[in-house]
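I opened the notebook to look up a chain that is new to me. The entries follow in the order I made them.

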Amino acid sequence: MASQGASLQSYNNELVKCIEELREKREELNASLVAEEEEKAQIQKDVAILTERLSRVNESLARRTQSRNEFDKTIQETEAAYMKILESTQTLLHVLKRESVNLVKKKQSSS
């Protein structure tokens with residue numbers, strides 16, 4: 001009976017040792033879980049900050065793009081008006097030269 005008691009005590013000691021090892025592994029895993037949860041929380045915070053920043057940049061881009069489009073439209077309209085002025089100037093110059101020639105001819109024919 002004494003040998004059975006010694007065997008039982010040996011099994012008991014081994015069982016306690018295994019349970020302690022499992023608890024140690026659980027604590028290591030738990031520490032790892034806590035660290036990952038903290039990392040996850042930080043990443044979520046960073047994502048929220050970056051999402052807000054992205055939203056502000058997108059709004060700024062939209063405003064600036066609209067302003068650029070307005071500049072483009074104004075430039076295009078101004079260039080078109082300038083071309084009309086140039087055409088009118090050329091026409092006016094042509095008429096002026098023709099009338100000047102006609103006046104010179106009239107003057108010469110009257111003399």
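Charges. I counted Lys and Arg as positive and Asp and Glu as negative, leaving out His and the chain ends. I placed each charge at NZ of Lys, CZ of Arg, CG of Asp or CD of Glu. On that basis the chain has 18 positive and 19 negative side chains. The centres of the two sets lie 22 Å apart.

Ground rules. This is a predicted model, where local features need pLDDT of at least 70, side-chain atom pairs count only at pLDDT 80 or more, and totals for chains, interfaces and linings use all residues. Residues are numbered from 1 along each chain as its sequence is written, and side-chain values use heavy atoms, with hydrogens and water left out.

Overall form. I looked up the secondary structure, taking helices (H or I, at least four residues) and strands (E, at least two) as DSSP runs numbered from the N terminus. Next I checked the radius of gyration, taken over C-alpha atoms, against the globule rule of 2.2 Å times the number of residues to the power 0.38. The chain has 47 Å, whereas a compact globule of 111 residues would have a value near 13 Å. Along the principal axes, the C-alpha atoms fill a box of roughly 160 × 20 × 10 Å.

Spans. I picked two pairs and noted their C-alpha distances. Lys40 and Leu8 are 32 residues apart in sequence and 47 Å apart in space. Ser100 and Val34 are 66 residues apart along the chain, and 97 Å separates them. Lys40 is in helix 1, and Ser100 is found in helix 1 too.

Surface. How much of the chain is buried? I used the cut-offs of under 20% relative accessible area for buried, over 50% for exposed and partly exposed in between (1.4 Å probe, protein chains only). Buried residues make up 0% of the 111 residues. Accessible areas come from the Shrake-Rupley method with a 1.4 Å probe, and for residues only the protein chains shown count as cover. The chain exposes about 10,700 Å², with carbon and sulfur atoms supplying 58% of it. I checked two residues from the spans again. Lys40 is partly exposed at 44%. Ser100 is partly exposed at 37%.

Salt bridges. I searched for a side-chain nitrogen of Lys or Arg within 4 Å of a carboxyl oxygen of Asp or Glu. The whole structure gave four salt bridges. I wrote down three entries.

- Glu20 pairs with Arg23, with the closest N and O atoms 3.5 Å apart. The two are three residues apart in helix 1, so about one helical turn separates them. Glu20 is partly exposed at 38% relative accessibility, while Arg23 is exposed at 53%.
- Arg26 meets Glu27 at 3.1 Å, N to O. Arg26 counts as exposed at 51%, and Glu27 as partly exposed at 45%.
- Arg98 meets Glu99 at 4.0 Å, N to O. Arg98 is partly exposed at 42%, and Glu99 is partly exposed at 38%.

Tyr82 lies in helix 1, which covers residues 2-110.
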